[in-house]
Amino acid sequence: MGFADQLTVARAAAVPVVVALYVWNFHGHDYWATALFAVAMTTDWFDGRIARSSGRSSPLGSLLDPVADKLLVLTVLIVLIGQHVFPAWMVAAIVARELLVSGLRLAALERGVVMHARDLGKLKTWSQATAAAVGGFAGAGAWSHSVAWWALLVALVLTWLSGLDYARLAPGVLRGRAVVQ
């Protein structure tokens with residue numbers, strides 16, 4: 001397991017620590033949780049850069065990277081529902097899209113087609129991560145919850161636009177044709 005894969009695993013391993021910091025009630029816990037979340041999400045940029053620059057992209061990393069991202073971001077969004085930062089319907093709509101696209105990717109894989117992350121999907125991930133960080137700081141009292149709501153709305157729109165981009169590819173994928181990048 002290369003360094004890039006280790007960063008991906010560390011990102012996934014950060015999830016329970018981030019959750020514990022959000023729910024453990026001590027002075028500044030929301031700030032600590034959000035800071036750890038931001039650091040963990042930053043490793044997404046580093047692991048991809050390291051893997052590409054060293055030419056050591058691995059099948060494990062290609063599989064785990066989007067899973068670690070989704071696990072970390074969606075967990076924080078869900079925790080922030082419980083803190084009354086985000087409305088449940090917005091987070092549910094994001095989770096639904098993630099499940100639909102993950103299902104499409106699995107169906108493609110069964111047909112021998114690997115669906116790589118698309119540019120809009122990468123933008124979607126970062127918009128969700130940004131909304132989660134803004135929401136974490138809003139939960140801590142740094143910003144109004146309405147700022148977090150607007151950040152999540154942007155993420156929701158980009159999430160579903162990205163989902164529609166994948167849906168456009170679905171007929172070809174389900175027939176076992178390669179996906180055009």
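**Figure 1. Arg 11, Asp 44, Asp 65 and Asp 69 are linked in a network of salt bridges.** A salt bridge is a side-chain nitrogen of Lys or Arg within 4 Å of a carboxyl oxygen of Asp or Glu. Side chains of opposite charge can pair when their charged atoms come close. This is a predicted model, in which local features need pLDDT of at least 70 and side-chain atom pairs count only at pLDDT 80 or more, while totals for chains, interfaces and linings use all residues. Residues are numbered from 1 along each chain as its sequence is written, and side-chain values use heavy atoms, with hydrogens and water left out. By the salt-bridge rule, the count comes to seven.

**Figure 2. The side chains of Asp 69 and Arg 11 meet in a salt bridge.** The N to O distance is 2.8 Å. Asp 69 lies in helix 3 and Arg 11 in helix 1, so the pair ties together parts that are 58 residues apart in sequence. Helices (H or I, at least four residues) and strands (E, at least two) are DSSP runs, numbered from the N terminus. Helix 3 covers residues 59–82. Are Asp 69 and Arg 11 buried or exposed? Both are buried. Buried means under 20% relative accessible area, exposed means over 50%, and partly exposed falls in between (1.4 Å probe, protein chains only). For Asp 69 the relative accessible area is 8%. Contact means heavy atoms within 4.5 Å. Leaving aside neighbours within four places in sequence, Asp 69 is in contact with Arg 11, Met 41, Asp 44 and Thr 125.

**Figure 3. Glu 98 forms salt bridges with Lys 70 and with Arg 97.** The side chains of Glu 98 and Lys 70 meet at 3.3 Å, N to O. Glu 98 sits in helix 4 and Lys 70 in helix 3, so this pair ties together parts that are 28 residues apart in sequence. For Arg 97 and Glu 98, the closest N and O atoms are 3.0 Å apart. Glu 98 counts as buried, at 2% relative accessibility. Arg 97 counts as buried, also at 2%.

**Figure 4. The largest nonpolar core has 32 residues.** A nonpolar core is a set of buried Ala, Val, Leu, Ile, Met, Phe, Trp, Tyr and Cys residues joined through side-chain atoms within 4.5 Å. Which residues have the most contacts inside the largest core? They are Tyr 22, Phe 37, Leu 72, Val 76, Leu 77, Phe 86 and Leu 152. The elements that give two or more residues to this core are helix 1 (3–23), helix 2, helix 3, helix 4 (88–110), helix 5 (119–140) and helix 6 (145–174). Helix 3 gives the most, with seven residues. Apart from this core lies another, of nine residues, among them Ala 108, Val 113, Ala 170 and Val 173.

**Figure 5. Phe 37 is in contact with Val 18, Leu 72, Val 73, Val 76, Ala 129, Ala 132 and Ala 133.** This list leaves aside the neighbours of Phe 37 within four places in sequence. Phe 37 is one of the residues with the most contacts inside the largest nonpolar core.

**Figure 6. Trp 45, Phe 46 and Trp 126 form a nonpolar patch on the surface.** Together they have about 320 Å² of accessible area. Accessible areas come from the Shrake-Rupley method with a 1.4 Å probe; for residues, only the protein chains shown count as cover. Patches are made of residues with over 30% relative accessible area and no salt bridge: like charges are joined within 9 Å, nonpolar side chains (Val, Leu, Ile, Met, Phe, Trp, Tyr) within 5 Å. Trp 45 lies in helix 2 (residues 29–54). Trp 45 counts as partly exposed, at 45% relative accessibility.

**Figure 7. Val 39 is found in helix 2.** Is Val 39 buried or exposed? Val 39 counts as exposed, at 53% relative accessibility. The C-alpha atoms of Val 39 and Ala 14 are separated by 9.6 Å. Along the chain, these two residues are 25 residues apart.
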